[in-house]
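User: I am new to this structure and would like to learn how to read its features one at a time. Could we go through them together, with the general idea before each case?

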Amino acid sequence: MKALRWHGKGDLRLDDVPEPTAPAPNEAVVEVAWCGLCGTDLHEFLDGPHMIRTGPHPLTGQGPPLALGHELSGRVVALGGPAPGIEVGDRVTADPVWSCGSCWWCLRGDYHICPRSGSVGLASPGGFAELVTVPLSGLTRLPDNVSDEHAALAEPLAVGLHAVDRAGVRPGDNVLVLGGGPIGTAVVMAARLAGVSGLYVSEPLAGRRELLHGIGVTEVFDPGATDVRREVFLRTARIGPDVVIDATGIPALAAQAVATVRRGGRVVLAGVGHGSVEFDMGQLVFYERSVLGTLGYNFDIPRVIGLMSTGRLDPAPLLTGRFPLSAGAGLFAELAADRARHLKVVLTPKGL
Ligand SMILES: [Zn+2]
Ligand SMILES: [Zn+2]
């Protein structure tokens, strides 16, 4: 079968590879319909490895070269064990997180922060292929009214839902989101579902600010031209936002988020960032602010599918491009060079 495999930094190849073997009891094999291209995939391509291990992954035993892609939908072709409510032939999406199932975190349901966890498409061959092996326990059957291409967006939307849950967003809250890329947009959509009153976004790229209009954002700011902290302060009766969610991973913006959130407010860091953040301890202590991290999702993908199916969540604005898998490395390079053109693009091995 064809698979778009990561061999190293800047080296993606459309390879002919053997089909997956019969699934183990905790695995299922899915024939891929669509697979979304994630910022993580772009980073692995541009200057990786980051999440990819150069050797075998401690849990899956697999390593590069491997197909990227962890935001997938498709049809079940083999089940390694019983999967309640799911049969071979069903249309599904998958929670791509492999976890050990036996550690302290897994046993209390926090599989997403299992110390040995890894994702399909980073710790095992991913969905940029005709067939993919995924965790059996992560399958969600798709209702007829959720399309394959929208189902491929469930994973990034689950990241937004989880971040908003972590932030404890309540109806009527004012929320500021830093960064209007795919994850920032997923956060915006989830915050709307939580019933916020004011929803503000700070995004430096004009193209992305354009894309954010029309999905119910109160106001989108250009941080290069505006003092975002002051403008949101003025629009929230000189109180400040209840919640600031960073979807950039830029250390300086995390510090800015702390300075921006209201007294008693919550900052949630959702961007995959590295590096030190500096702020005065008093900014937390004297103002009783909280700073939290959020990672991926924890049983949130079925919730997203339910929200799509009931019409509460329209994922369409997030999806800006459809490409064949054969577009390959060229597409990755194009997207990296012009980040404002697209929010989420999906690839299909079946041809358009
Ligand atoms: Zn992703
Ligand atoms: Zn575990």
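User: Which residues does Val169 touch, not counting residues up to four places away in sequence?

Analyst: Please keep in mind that this is a predicted model. Leaving out residues up to four places away in sequence, Val169 touches Val164, Val175, Ala194, Val196, Val243 and Arg266.

User: What is the largest nonpolar core, and which residues have the most contacts inside it?

Analyst: In soluble globular proteins, nonpolar side chains tend to be buried together. Here the largest nonpolar core has 53 residues, and those with the most contacts inside it are Leu157, Val164, Val169, Ile245 and Val304. Two or more residues are given to this core by each of strand E3 (27-37), helix H4 (154-166), strand E11 (174-178), helix H5 (182-193), strand E12 (198-202), strand E14 (243-246) and helix H10 (301-309). The largest share, seven residues, comes from H4. Because domain 1 (2-153 + 315-348) and domain 2 (159-293) both give residues to this core, it lies between them. There is also a second, separate core of 33 residues, which includes Leu72, Trp98, Leu325 and Val345.

User: How many residues does each domain bring to the contact between domain 1 and domain 2?

Analyst: The size of an interface is often given as the accessible area lost when the parts come together. What can be stated for this structure is a residue count: the contact takes eleven residues from domain 1 and eleven residues from domain 2. The C-alpha centres of domain 1 and domain 2 lie 28 Å apart.

User: Which residues hold the zinc ion (ligand 2), and what is the geometry of its site?

Analyst: Ideal angles at a metal are 109.5 degrees for four tetrahedral donors. The protein donors of the zinc ion (ligand 2) are the SG atoms of Cys100, Cys103, Cys106 and Cys114, lying 2.3 to 2.4 Å from the ion. The angles among the four donor atoms are 105 to 115°, and the site is tetrahedral. Along the sequence, these donor residues are spaced C-x2-C-x2-C-x7-C. Cys103 lies in the loop between strand E7 (97-98) and helix H2 (104-107), while Cys114 lies in the loop between H2 and strand E8 (118-119), so the pair ties together parts that are eleven residues apart in sequence. Cys103 is buried, with a relative accessible area of 16%, and Cys114 is buried too, with a value of 4%.

User: What coordinates the zinc ion (ligand 1)?

Analyst: The zinc ion (ligand 1) is coordinated by Cys38 through SG, His70 through NE2 and Glu71 through OE, at 2.1 to 2.5 Å. The spacing of these donors along the chain is C-x31-H-E, and both His70 and Glu71 are buried.

User: How many aromatic pairs are there, and how are the rings of Phe45 and Phe332 arranged?

Analyst: A pair of aromatic rings is described by the distance of the centres and the angle of the planes. The count for this structure comes to five aromatic pairs. Phe45 and Phe332 form an edge-to-face pair, at 5.5 Å centre to centre and with 70° between the planes. Phe45 lies in helix H1 (residues 39-47) and Phe332 in helix H11 (residues 328-337), so this pair ties together parts that are 287 residues apart in sequence. Both Phe45 and Phe332 are buried, and together with Phe128 they form one aromatic cluster.

User: Where do Tyr111 and Phe299 lie, and is each of them buried or exposed?

Analyst: Tyr111 lies in the loop between H2 and E8 and Phe299 in the loop between strand E16 (290-293) and H10, so their pair ties together parts that are 188 residues apart in sequence. Their ring centres are 4.8 Å apart and their planes at 65°, so the pair is edge-to-face. Tyr111 counts as buried at 9% relative accessibility, whereas Phe299 counts as exposed at 53%.

User: Where is Asp173 found, and what is it in contact with?

Analyst: Asp173 is found in the loop between H4 and E11, where it is buried with a relative accessible area of 5%. Neighbours within four places in sequence aside, the contacts of Asp173 are Gly168, Val196, Ser197, Gly198, Asp242 and Arg266.

Methods. Residues are numbered from 1 along each chain as its sequence is written. Chains are lettered from A and ligands numbered from 1 in the order in which they are written. This is a predicted model: local features need pLDDT of at least 70, side-chain atom pairs count only at pLDDT 80 or more; totals for chains, interfaces and linings use all residues. Side-chain values use heavy atoms; hydrogens and water are left out. Donors are N, O and S atoms within 2.8 Å of the metal (3.2 Å for Na, K and Ca); water is not among the atoms, so sites may look incomplete. Buried means under 20% relative accessible area, exposed over 50%, partly exposed in between (1.4 Å probe, protein chains only). Four donors count as tetrahedral if all angles lie between 85 and 135 degrees; four count as square planar and six as octahedral if opposite donors are over 155 degrees apart and all others between 65 and 115; anything else is irregular. Helices (H or I, at least four residues) and strands (E, at least two) are DSSP runs, numbered from the N terminus. A nonpolar core is a set of buried Ala, Val, Leu, Ile, Met, Phe, Trp, Tyr and Cys residues joined through side-chain atoms within 4.5 Å. Domain bounds come from an automatic or database domain assignment. Contact means heavy atoms within 4.5 Å. Rings of Phe, Tyr and Trp (its six-membered ring) pair if their centres lie within 6.5 Å; planes under 30 degrees apart count as stacked, over 60 as edge-to-face and the rest as tilted.
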